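Visitor: Hi, could you walk me through this one? I'd like to start with the ligand.
Guide: Happy to, here it is.

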Amino acid sequence: MDRPLSDREHWTRVAAEWTAWARSPDHDAFWAYRNALAAFVGEGTGRALEVGCGEGRVSRELKALGYQVTATDIVADLVEAAEQANSAHAYAIANARDLPFEDESFDLVMAYNVLMDVDDLSGTLQEIRRVLHPEGRLVISIVHPFRDRGRFAGPDPDAPFVLTGTYFGLQHFDGIEERDGLRMHFAGWSMPLEHYATALENAGFAITSLREPVPDDAAGRTQLQQWARVPLFLWLKARPLPDAGT
Ligand SMILES: C[S@@+](CC[C@H](N)C(=O)[O-])C[C@H]1O[C@@H](n2cnc3c(N)ncnc32)[C@H](O)[C@@H]1O
């Protein structure tokens, strides 16, 4: 098999696709989880960093919640799109595993649906810990590791959810979704929950909250009705441990 593209290479190629996909009203599942996300993060006035901001929709939510937001992404075109939409107060093109900020600069770091995409999960979490204030918190969304390994057998709301391979182990995923005239090429890494928990532990984080959110308004929307039965996303909060690295 050919070597997968790096995180930077892949997302540079699909930046325009992603911007159209993410901005199309109610197209992506994100919009059905937006209110729950705002409640999970909560209002605040501290310094917030989003790593992997894409075209900026999550940074805009953080800004609306009151935070002083810095939006960063590895892809220049996406940071530019975020800036054009006035998504944050400051912007930087940066790999999440090499952030151009001083130690302990942020009260909150948001990693929304990006940890599946990075090539170096451990290095990314260590770098996030470095820039996070000791009293700060990390908020994570990932595609639920269980959902990643199975599929619905059909389009009906009550279609069986089928797991044909194994839940365990690291797997590269690469696939194209096409819906309502839009196309998105997703690629990244699928891994069990234990991989995330271990990487967080090794980076000196303690998980303090875990949520399996359900969509806001699934009525009449088949795919969302399926996600009301099997979780699509997994949300975590984590705090730095005082004795990490010692
Ligand atoms: C699925 S998109 C999510 C974007 C945004 N968080 C949202 O939910 O709208 C993943 C984003 O992560 C970015 N990304 C991937 N690898 C990265 C890395 N190593 N460092 C920073 N950003 C990265 C991609 O460029 C892309 O914008």
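Visitor: Which residues are closest to the ligand?
Guide: Asp7, Trp11, Gly52, Gly54 and Ala96 are the closest of the 20 residues that surround the ligand. A residue counts as near if its C-beta atom, placed from the backbone, lies within 6 Å of the molecule. Bear in mind that this is a predicted model, where local features need pLDDT of at least 70, side-chain atom pairs count only at pLDDT 80 or more, and totals for chains, interfaces and linings use all residues. Residues are numbered from 1 along each chain as its sequence is written.

Visitor: And which helices supply at least two residues of that shell?
Guide: Those are α1 (7-13) and α4 (57-64). Helices (H or I, at least four residues) and strands (E, at least two) are DSSP runs, numbered from the N terminus.

Visitor: How many of the shell residues are nonpolar, polar and charged?
Guide: The shell has 12 nonpolar, four polar and four charged residues. Here Ala, Val, Leu, Ile, Met, Phe, Trp, Tyr, Cys and Pro are nonpolar, Asp, Glu, Lys and Arg are charged, and the others, Gly among them, are polar.

Visitor: Switching to α5, which of its residues are buried?
Guide: In α5 (residues 76-84), the buried ones are Leu78, Val79, Ala81 and Ala82. They sit on the same side of α5, because they cover an arc of only 160° around the axis, the arc being that of the directions from the helix axis to the C-beta atoms. Buried means 20 or more other C-beta atoms within 10 Å of a residue's own, exposed means 12 or fewer, and partly exposed is in between, with C-beta atoms placed from the backbone.

Visitor: What does that buried side pack against?
Guide: The buried residues of α5 pack against α2 (15-23), α4, β2 (68-73) and β3 (90-93). Contact here means C-beta atoms, placed from the backbone, within 7 Å. On the face turned away from the buried side, α5 carries the exposed residues Ala76 and Gln84. Just after α5 comes Asn86, with a positive phi of about 55°.

Visitor: Where is Gly56, and is it buried or exposed?
Guide: Gly56 lies in the loop between β1 (47-51) and α4. It counts as buried, because it has 29 C-beta neighbours inside 10 Å. Setting aside neighbours within four places in sequence, Gly56 contacts Ala71, Ala81, Ala82, Ala85, Ser87 and Ala88.

Visitor: What about the largest nonpolar core?
Guide: That core has 58 residues, and Val109, Met110, Ala111, Leu115, Leu138 and Ile140 have the most contacts inside it. A nonpolar core is a set of buried Ala, Val, Leu, Ile, Met, Phe, Trp, Tyr and Cys residues joined through C-beta atoms within 7 Å. Strand β4 (residues 106-112) gives the most to this core, with six residues.

Visitor: Which residues does Leu138 contact?
Guide: Beyond its neighbours within four places in sequence, Leu138 is in contact with Val109, Ala111, Ile128, Leu132, Phe205, Lys237 and Ala238.

Visitor: Which loop holds Asp180, and what is its phi?
Guide: Asp180 is in the loop between β8 (171-179) and β9 (182-190). Its phi is positive, about 50°, although Asp180 is not a glycine. Asp180 counts as exposed, because it has 7 C-beta neighbours inside 10 Å.

Visitor: Last one: how many helices and strands are there?
Guide: The protein chain has nine helices and 11 strands. Buried residues make up 36% of its 246 residues.

Key. Two residues are in contact if their C-beta atoms, placed from the backbone, lie within 7 Å.
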